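I opened my notebook to look up how two chains meet. My entries follow.

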Amino acid sequence: MNLKMMWATCLRVLMQLKNDPRSVALILVVPAILLAVIYWLYQNEVLAPGQPRTFDRVGLMMLGIFPFTVMFLVTSITMLRERVSGTLERLLTTPIHKADLLVGYALAFSIMAALQSLVATAVAYWVFNISISGNAGWVVLISVLTAVLGVALGLLCSAFATTEFQAVQFMPVVVIPQILLCGLFVARNQMNGILEAVSNVLPLSYAVDGLNEVAQHADPTRALTFDLLVMAGFVLLCLLLASLTLRRRSA
Amino acid sequence: MSHRAVLPEPDGQLPFPHPLGMSPPTPALPLKPGRHDAGTSVRVENLTVRRGRMEVLKDLSFSIPSGHITALLGPSGSGKTTLIRTLVGVQKFVGGSIEVLGRPAGDATLRGEIGYVTQAVSVYKDLSVLENVRYFGAMSGCSHADAVAAVAAVGLAEISRRKAGALSGGQFSRVSLACALVSKPKLLVLDEPTVGLDPVLRADLWAQFTAMAAAGTTLLISSHVMEEAGHADTLLLLRGGRLLAQLTPAQLRQRGGSENLELAFLRLIQADMAVAS
């Protein structure tokens, strides 16, 4: 791995984003707006005294789900373009190492993801007064990690699509099942055995578990550490698999 | 049978009888003198490439002299791009051997020394001309000044801040060229670089290629426009995945019995078909 090439790739991807202000605006603003929609959705909720708002639970989970979804889409399409336009093949004839390319990509989008998470978390805290026990820093960290997870999965999935149309079709295959099973609609321990088993191998489940840990405990717990490690493991696994899909030579 | 194409010996026989019955074999014309000469850049022996079940290249043998322009010519679908991709190391082959700059094709150490310009323009449309060239330059450790020089070399200095996607077709393809030039490769491989360019630009580019060869770069340029062949030192004539001949433009004119290179090539093809049938 060569840090210079990795950094050049990261800067190049950021530069491409900079030249596309509309996409940047969408990345930064859309999760915050959707959060507002969820807030208003539960606005007329009748609460018994002492009962937490549904928004506190659902809104918090969204801080993990939105970045994951957005970054998955953005990355898989960007990477697909790289494959289709011939720039990938060209790059692979240069001395660049595959890891430089993938990590450069992941880093650039992670920077975007961090900004996105900061905006969304700030809105959740300061505009909608979300109330959770733990430190907001943990929320941002999990949120960034889910975004990176989306990036890594997107890099991987782009290998299995040949057109942008197909790439978008991976959304319902890869992202929606994770949203259904992550514990947003039904707590994971209340699902039937099969679905719970499936949810155990889906990375987004650990993001939501981690967010719940932060919500319920003022101090970081052992379970939170575990969730973070599992997510990091998934990121590395996806990047590793993605690097296997980058072939310098075609048959 | 082997389609070994070599520059004919001074008293050489044609690889196949000439059915048109003209122009007896003539002595090989020496390559233009005064060029940098360091032997052979590419040596290909009995190369066979299969894509799927199709045998795209069949038993090719030839060599590319250093510091010269070699034009790879042939009709669409003759295997030009596959041959180029195999030489730069992105296409696997099933038989034969390729030595590029003294190493096997695809060798990791070759990546910094070969410039490859694909047929489709492969640059980032959403980056400026200079940003594109700087990025590809960074892969070979080139400086900002190198990038500026490469942009100037293809005549895009004045519009170097414009987005590549906003340029005209001719300018766009020159961005791709600049991205390959920036690393000052020893071997520059260009797949149809002049396609869709106007005559003035084409002449311009060929003048540039000639200057580069004079400076010691080895160039392999594919084209399906036979008129361009006149600019090259050596021609590789490809048809149906086989190498018809390797010769100089003058030899092609003589063998094909026409000053018109296109017609000469056509006659060679007809001669080959006559042998095959």
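How many bridges join β2(B) to strand β3 of chain B? I found eight, and the two strands run antiparallel. Strand β3 covers residues 54–65. Strands pair if DSSP finds at least two bridges between them. Helices (H or I, at least four residues) and strands (E, at least two) are DSSP runs, numbered from the N terminus.

I noted that this is a predicted model, where local features need pLDDT of at least 70, side-chain atom pairs count only at pLDDT 80 or more, and totals for chains, interfaces and linings use all residues. Residues are numbered from 1 along each chain as its sequence is written, chains are lettered from A and ligands numbered from 1 in the order in which they are written, and side-chain values use heavy atoms, with hydrogens and water left out.

I looked up one bridge: L47(B) has L60(B) of β3(B) as its partner. Two residues lie between the strands of this hairpin, and G52(B) takes a positive phi near 65°.

Next, the interface. I found 25 residues of chain A and 31 residues of chain B in the contact (heavy atoms within 4.5 Å). In chain B, the most area is lost by R111(B), Y135(B) and M139(B), together 26% of what that side buries. Buried area is the accessible area (1.4 Å probe) that two parts lose on being put together, summed over both.

I then checked charges. The rule finds one salt bridge across the interface (a side-chain nitrogen of Lys or Arg within 4 Å of a carboxyl oxygen of Asp or Glu). R85(B) forms a salt bridge with E89(A), and their closest N and O atoms are 2.9 Å apart.
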